[in-house]
Structure formats: structure tokens, C-alpha cells
Amino acid sequence: MKSAARRTSYGVKGAPYGFLLPATILFALFFALPIGYAVWLSFHKVKVSGLGLGSGARKEVWAGLDNYTAAFTDSELLHGALRVLAYGCIVVPVMLGLALLFALMLDSEKVRLAPFTRLAIFLPYAIPGVVAALLWGFLYLPDVSPFYFVLDRLGLPQPDLLDGGPLYLALSNIAVWGGTGFNMIVIYTSLRAIPAEVYEAAKLDGATPLQIALRIKIPMVAPSLVLTFFFSIIATLQVFNEPTTLKPLTNSVSTTWSPLMKVYRDAFGTGDVYAAAAQAVIIALATLLLSFGFLRAANRRNKQEAAR
């Protein structure tokens, strides 16, 4: 009886680990193992002997920090990071500003057809990024775009959105169009969680809807704004689909327009997987450091406000 009770006790205690085992295995196989392999590759390189022909002519050897040194001194990677920085300065504030505005409008008492409006704003997020980039790409092409036809009929100038500075606006428009709905839902959910008594008390004090929005709603959804900003920063640093999809439509988008495009070019274009692995590790570490720094600053600010 005691042994049976002991086995039952062990079974109960081990049940949570059994439930976690499938997720742990998947995490190890498809997340931890690839990251570890990329780090391992980043410290190696191929040494070619002679003409590189025959068995043993190409050997994988320890490279130390050579791949990282080359990545930090690579002008193409640096220029790609600067382009992504300019792209993010447009995308993040515009997308979050529109998401907050739409959430506040939907949370208003006078809003009409709220379910349909929420769905209409969120729907672009459900469209795959490649499909959205193709859709907007053809709308940007002067020969096939209906917008250029209308501008031509009206005698108005027809800017080339796929060349030079307007290219940043064209790429940013795709990201804003697709990401605003998701961020709006996050902020709107936080607004709906605010107790109605707070609004009633503000109205009794004579607060207008604009004052309620600025002094009550926005401060109370600040954690959601921090969360959406955090997600937006990560998505900006990892931009790949939009410029890659538009590349065949214009000569202004190079194969190294963004850091991830540079990694893809080196890994699958030139076949230098070791340099690509080092660049990928640098991008991952930069994303981690920026995210950690931002969250730490946000938490410090929240603690200071709570102390007041």
C-alpha cells in the first residue's frame, strides 16, 4: 500500500513536467538548437587548400572573432542598419499614433457600427505580409497603378514612390497599413478594462471627453502603449518581407537594404554561412539589448510614478 501511494505521489508531482515535455522538446529543436548552431557557425570559417578541389581541400576551422570583426567593419551592414533606423523613425510613431487614435475613437460613447469598424481596421493585419507588399507594390508602379492614372487625368505631378526618399514612405505605408490594426486591438482591450466608475467620476467633476481621453484613458493604457512600442521596435529591426518583395519592382532596393537582407544574401547568395551567422547573432544581440534597455527604462519610470 505504501509503495502504491508513493508511486501515486510521484505521478502527481511529475504530471506538470509531463505536460511541459512536448513544448520543451519543440522549443529545444526549433528555437534553442538553431540559435546554438548559429552561434557555433559564427566562430568558424572554411579554410581552402590549393585550388579547393578534392577531398580535404576545404576544411572548417576555428575563426575566433574574425567573423564578428568583419561584420562590425562591413559598410553594407552599417548602411542597412541606418536605413532601418530611418524606416523605424517613420513607422513606429505613425503606427502607434494611429492605433491609439482609432482605439480612443472606438471607445467613445458616440461611435457607430463599432464591430464593423474594429474588423475593418484589424483586417489588414490578417493579410500575409508578402501579399500586402505585392498589393501595394503594384499600386506604386506608374504603369499599372490606378492612382497614377487619376493623377495623370487631373494633370497633377506623379511622384515615383519606388525611388529615392519616397521609397521610405512607400515601405513605411505597407508596415503601418498592416500593423495598425493589431496595436489598436491591444490598446482598445486595455481601454475596455478601465472601470466605468472612473469615467462617471470624471464626468461629475465636469471633465470633457477630450480631457477624459488625455488625462485618464491614455495614462491608464500606458502599459499597453509600452507593450506595442516594444513589439514595433522588434518588428522594425527585423524588417525583411517588404523590401524583399518590392526589390523586383525597383532598382532602388538592393540585396542589402536591411540587415536581415544582408544576412540572407550572404547565407544563400554568396554561400558564406559563417559570416551570415555572425551578422545574425549581432542583430539578435542588438535587438535584445534595445528591448531590455527600453523595458528597464519603462519599469524605472513606472516605479517613480508609483512612488509619487
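Arg215 is found in helix α9, residues 209–220. Helices here are DSSP runs of H or I with at least four residues, strands are runs of E with at least two, and both are numbered from the N terminus. Arg215 is exposed, at a relative accessible area of 66%. The classes are buried (under 20% relative accessible area), exposed (over 50%) and partly exposed (in between), with a 1.4 Å probe and protein chains only. Ser108 is 107 residues from Arg215 in sequence, and the two C-alpha atoms are 15 Å apart in space.

The model is predicted: local features need pLDDT of at least 70, side-chain atom pairs count only at pLDDT 80 or more, and totals for chains, interfaces and linings use all residues. Residues are numbered from 1 along each chain as its sequence is written, and side-chain values use heavy atoms, leaving out hydrogens and water.

**Overall form.** The protein chain has 13 helices and two strands. Its radius of gyration is 26 Å, whereas a compact globule of 308 residues would have one near 19 Å. That radius is taken over C-alpha atoms, and the globule rule is 2.2 Å times the number of residues to the power 0.38. The C-alpha trace spans about 90 × 85 × 40 Å along its principal axes. Buried residues make up 31% of the 308 residues.

**Rings.** The whole structure holds 14 aromatic pairs. One of them joins Tyr264 and Phe268; it is tilted, with 5.0 Å centre to centre and 45° between the planes. Rings of Phe, Tyr and Trp (its six-membered ring) pair if their centres lie within 6.5 Å; planes under 30 degrees apart are stacked, over 60 edge-to-face, the rest tilted. Both residues lie in helix α12 (residues 259–269), four residues apart, about one turn of the helix. Elsewhere, ring pairs link Phe122, Tyr125, Phe182, Phe230 and Phe231 into a cluster.

Lys217 places its charged end over the ring of Tyr199, 5.2 Å from the ring centre. The test asks for NZ of Lys or CZ of Arg within 6 Å of the ring centre and within 35 degrees of the ring normal.

| Residue | Relative accessible area | Class |
|---|---|---|
| Leu21 | 48% | partly exposed |
| Tyr264 | 48% | partly exposed |
| Phe268 | 65% | exposed |
| Arg215 | 66% | exposed |

Leu21 lies in helix α1, residues 2–42.
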